Amino acid sequence: MNDKATKLDILSEQEQQQLIEKYDSESNFRKLAGIMGAIVFFLLLAFSLYQLYTATFGNVPTQIHRSIHLGFGLVLIYLLFPVNRKSKDKRIAWYDYLLAALGFYVGAYWPVMYDNIIAQGGQMTTMDFITGSIAVLLVLEATRRTVGLPIVIIAILFMAYAYWGRQLPDFIVHPGVDVDTLVYSLFFTTEGMLGTPIGVSSTYIFLFLLFGAFLVKTGVGQYFNDLALLVAGRRIGGPAKVAIFSSALQGTVSGSSVANVVTSGSFTIPMMKRLGYSKNFAGAVEASSSTGGQIMPPVMGAAAFLMVEFIGVSYWTIAKAAIIPAILYFAGIWIMTHFEAKRTGLRGLKKEELPNKKEVLSKLYLLLPILAMVFYLSSGLSIMRAALYGIVTCVLVALIRKEVYRHLYPITFGVVLVAYLIYSGVTGSMSIQNGLIIAAIATVIVSYFFDRNFLETIEAMVDGARSALAVIAATAAAGIIVAVVTKTGLGLSLANSLVGLANEQLFWTLFFTMIASLILGMGAPTTANYIITSTIAAPAIILLGISDLQAHMFVFYFGIMADITPPVALAAFAAAGMSGGRPIATGVISTKLAIAAFVIPYMFVFAPELLLVGTSNYLQMAWIFVTAFLGMIAIGAGMIGYWFRRLYWPERFVALAAGLALIYPGVWTSIAGIVVFAALIAFQYMYKRSEMNQPVTS
């Protein structure tokens with residue numbers, strides 16, 4: 001793209017960071033300098049190196065590993081995140097040093113006292129009780145600083161429910177849990193703060209966040225933008241379609257809706273406004289698209305890794321199940337932006353406003369880490385190995401970017417790998433996995449002496465560790481909720497209440513579960529809202545005979561959609577901050593554009609074929625997909641009020657009805673929808689107005 005267009009359309013990195021910090025508390029950390037800056041830098045680096053070591057060799061007991069992971073997180077959170085996110089004073093206060101020291105103490109307690117804790121057989125000493133209580137308080141405050149107040153309030157309410165259970169109404173009453181038992185459950189078992197959520201954070205999530213940080217260092221984020229411009233820039237309403245395409249790709253890099261909005265929206269939103277889109281619509285396109293990045297395989301939001309543990313299936317099963325719903329989601333947004341562009345007569349970008357085609361295509365190798373990740377996940381490798389190999393692939397791709405030394409790195413990698421395999425074959429301890437990692441490390445070291453790519457690798461490890469801090473706090477706090485639900489049986493009680501409220505009708509159970517998921521997901525990051533919704537809401541659907549995968553995907557979708565659903569719509573608010581539009585209006589339009597996300601989950605509950613699980617009837621699956629896609633076209637036209645020409649209100653209602661009939665997985669409803677769909681097209685061709693049908697490129 002030419003310099004003029006670049007200056008017009010792209011916000012500076014400083015402006016992007018300011019927006020992220022304003023709307024995403026996870027990114028509002030201190031920028032330390034001097035001695036403390038160096039100390040925190042090396043702590044973050046040590047954190048990543050520790051995680052890579054355990055992922056490679058995996059010889060640390062579960063409780064010790066999770067405790068160290070939590071300890072690293074607490075120390076770094078109190079050093080990096082101020083007590084008040086709006087504070088102008090970015091210096092570390094004396095009490096933050098004290099809290100960081102307590103975080104170190106909490107993290108070291110399990111490794112130091114491991115044998116004693118195991119020998120006690122479920123009994124607690126006074127020091128155990130004090131340490132566990134400190135850990136709970138530290139986690140709650142760390143969560144407030146990094147994630148926000150909503151999840152902290154929920155966690156406190158759950159602890160209060162555990163303690164005062166016998167004084168509550170009959171439908172949620174329980175015998176009550178005394179303070180000692182509660183503290184023991186929260187810190188000294190694998191059902192609380194050191195339970196499954198932080199277990200997933202300390203393994204899968206951390207490594208994939210590290211993978212995302214390495215992707216950024218390879219330049220793949222900017223390449224996504226350039227590729228999206230090349231593919232969609234000249235089409236009708238080009239910048240809006242660029243935003244959709246780019247955001248779908250950016251979801252493989254960022255697990256945050258807000259970060260995705262700012263990263264890709266920094267240039268798509270100004271371009272949309274310049275082309276003629278309203279401020280609110282431009283922000284809404286970016287917000288809805290960026291939020292959808294978390295449901296786009298192969299690397300989905302961090303919550304997808306939690307789903308692996310919660311329902312006991314492979315990550316590839318989840319990624320494969322998400323393919324068709326994700327395509328339908330982005331197709332719905334694409335269709336509505338297309339109709340909006342036609343309605344308002346917006347053109348695409350000019351040729352001179354696009355990046356050089358030859359230059360963009362010459363960098364297709366930057367997509368290798370993503371393609372490699374698909375291969376790793378589909379080949380049956382464990383998630384941790386797939387993540388490690390993905391990081392190795394990122395390192396190699398980053399190295400071959402340099403023209404002068406492009407051939408040196410593959411040679412170094414190959415020579416070291418062959419040498420290792422020969423040596424390990426002779427000694428009888430061959431491990432291809434370790435050989436790949438050693439060869440990658442050797443290649444990075446060689447690169448340091450030639451073009452200093454080593455520094456980029458170090459920066460990626462530091463950035464990856466920093467991005468994991470909010471996830472650590474959120475998963476630890478969510479562990480409190482899980483512990484209370486497990487200890488009191490609250491999940492089953494709420495599930496029975498939801499089913500009873502719906503009179504055991506599946507549709508109404510889904511509807512009430514949707515409302516609960518949207519409310520519980522407001523203001524919480526993806527990982528936390530999925531843990532909450534899957535613990536509280538999903539069991540209600542499962543009670544009615546729906547599979548775990550369908551139920552968890554259902555609440556996963558609606559938890560994510562809370563990011564664009566008013567009144568608390570963080571992604572929409574961030575987009576409005578960039579576009580200059582009104583936050584609530586932007587959120588309302590975002591919800592309209594993302595209407596597919598409010599329909600698709602119902603579809604895959606009633607038609608599990610859409611999740612590509614347990615079906616061999618591919619003809620039926622194809623039929624459902626095609627009718628659903630046609631339904632999205634009809635719904636998009638009805639929502640926007642334009643198809644081949646402007647639609648009047650009666651036509652819009654008919655289009656919406658036809659779309660819903662096509663989407664509903666029934667034979668007769670689909671046939672009826674197709675008939676009405678065809679009739680609408682024929683009617684418009686007969687009566688369309690010639691002045692509204694200029695030749696266009698779609």
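Author: What follows starts with the whole protein, turns to the salt bridges, and then visits some other places.

This is a predicted model, in which local features need pLDDT of at least 70, side-chain atom pairs count only at pLDDT 80 or more, and totals for chains, interfaces and linings use all residues. Residues are numbered from 1 along each chain as its sequence is written, and side-chain values use heavy atoms, with hydrogens and water left out.

The protein has 33 helices and zero strands. Helices (H or I, at least four residues) and strands (E, at least two) are DSSP runs, numbered from the N terminus. Of the 698 residues, 57% are buried. Buried means under 20% relative accessible area, exposed means over 50%, and partly exposed lies in between (1.4 Å probe, protein chains only). The accessible surface comes to about 28,100 Å², and carbon and sulfur atoms hold 66% of that surface. Such areas come from the Shrake-Rupley method with a 1.4 Å probe; for residues, only the protein chains shown count as cover. A contact means heavy atoms within 4.5 Å. Among contacts between residues at least 6 apart in sequence, 77% join residues at least 24 apart.

Now the part you asked about. Side chains of opposite charge can pair when their charged atoms come close. A salt bridge is counted when a side-chain nitrogen of Lys or Arg is within 4 Å of a carboxyl oxygen of Asp or Glu. The whole structure contains 10 salt bridges. One of them joins Arg 145 to Asp 96, with 2.8 Å between the closest N and O atoms. This pair links distant parts of the chain: Arg 145 belongs to helix α6 (residues 126-146) and Asp 96 to helix α5 (residues 94-120), 49 residues apart. Arg 145 counts as buried because its relative accessibility is 5%. Asp 96, at 0% relative accessibility, is therefore buried as well.

Arg 145 also meets Glu 141 in a salt bridge (2.8 Å, N to O). Because Arg 145 and Glu 141 are four residues apart in helix α6, about one helical turn separates them. Glu 141 forms a salt bridge with Arg 144 too, where the closest N and O atoms are 2.8 Å apart. Glu 141 and Arg 144 are three residues apart in helix α6, about one turn of the helix. Arg 144 has a relative accessible area of 27%, so this residue counts as partly exposed. Taken together, Arg 30, Asp 96, Glu 141, Arg 144 and Arg 145 are linked in a network of salt bridges.

Nonpolar residues come next. In soluble globular proteins, nonpolar side chains tend to be buried together. A nonpolar core is a set of buried Ala, Val, Leu, Ile, Met, Phe, Trp, Tyr and Cys residues joined through side-chain atoms within 4.5 Å. The largest core here has 213 residues, and those with the most contacts inside it are Phe 187, Tyr 329, Phe 554 and Phe 556. Helix α22 (residues 453-488) gives this core its largest share, 21 residues. A second, separate core has eight residues, including Ala 228, Leu 229, Ala 232 and Leu 354. Leaving aside neighbours within four places in sequence, Phe 554 is in contact with residues including Leu 510, Met 514, Ile 541 and Tyr 602.

Ser 185 lies in helix α8 (residues 179-187). Ser 185 counts as buried because its relative accessibility is 8%. Not counting residues up to four places away in sequence, Ser 185 touches Glu 191, Gly 192 and Lys 487.

On the surface, Val 654, Val 667, Trp 668, Ile 671, Val 675 and Val 676 form a nonpolar patch with about 580 Å² of accessible area together. Patches are made of residues with over 30% relative accessible area and no salt bridge; like charges are joined within 9 Å, and nonpolar side chains (Val, Leu, Ile, Met, Phe, Trp, Tyr) within 5 Å. Helix α33 (residues 667-687) gives the most to this patch, with five residues. Val 654 is in helix α32 (residues 649-663). Val 654 is partly exposed because its relative accessibility is 37%.
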